[in-house]
Amino acid sequence: PAPPPGGGGACRMGTWGTKEWNWGYAQGAAHDAAFALRDKLRSQAQREEWLKAMVSSDAAVPWVEVELCLALKWQKAAREGRIGDFGGVYDGLVAARYEGAEEAFSSDLLEALPSLCGDVDALRASFE
């Protein structure tokens, strides 16, 4: 299959919560995957194409890249004291609570969304 938009191939991913993944440190699979994702999304045009691909087709952007992208944003927001209701979702992701449990991740994410965008049902309807 063709690589996702934005250049480069798919980010090599590890497993959350493992020693190899080593989230939050300068060595490990998480650091390598974050570097690859940042390189892939370097420009605004690359980020726009990645987002369009993400919402247009389930296969265009691997879910593990979406998780990593969210985790990087939440990590930065936590450091800046502005993570809000997403702190629990971020903590669950880092603790590998969602490995093999994508529905639980989606459910927790939807539960946290109102703090960011208000009416989740209206938001969901706008994408249908």
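Helices (H or I, at least four residues) are DSSP runs, numbered from the N terminus, and their axes are lines fitted to C-alpha atoms over the stretch in contact, with angles running from 0 to 180 degrees between N-to-C directions. The model is predicted: local features need pLDDT of at least 70, side-chain atom pairs count only at pLDDT 80 or more, and totals for chains, interfaces and linings use all residues. Residues are numbered from 1 along each chain as its sequence is written, and side-chain values use heavy atoms, with hydrogens and water left out.

Select helix H3 (residues 63-79) together with helix H5 (residues 102-112): their axes come within 13 Å and cross at roughly 40°. H3 and H5 are therefore oblique to each other, a class for angles that are neither under 35 degrees (roughly parallel), over 145 (roughly antiparallel) nor 65 to 115 (roughly perpendicular).

Next, display the side chains between these helices. Trp-63, Glu-67, Leu-70 and Trp-74 of H3 meet Glu-102, Phe-105 and Leu-109 of H5, where contact means heavy atoms within 4.5 Å.

Now select H5 alone. Its residues Phe-105, Leu-109 and Ala-112 are buried (under 20% relative accessible area; exposed is over 50% and partly exposed in between, with a 1.4 Å probe and protein chains only). They cover an arc of only 60° around the axis, which puts them on the same side of H5; the arc is that of the directions from the helix axis to the C-beta atoms. The face turned away from this buried side carries the exposed residues Glu-103 and Glu-111.

Finally, return to H3 and select Gln-75, which lies in this helix. Gln-75 counts as buried, at 14% relative accessibility. Leaving aside neighbours within four places in sequence, Gln-75 is in contact with Trp-23, Gly-24 and Tyr-90.

How values were computed. Helices (H or I, at least four residues) and strands (E, at least two) are DSSP runs, numbered from the N terminus.
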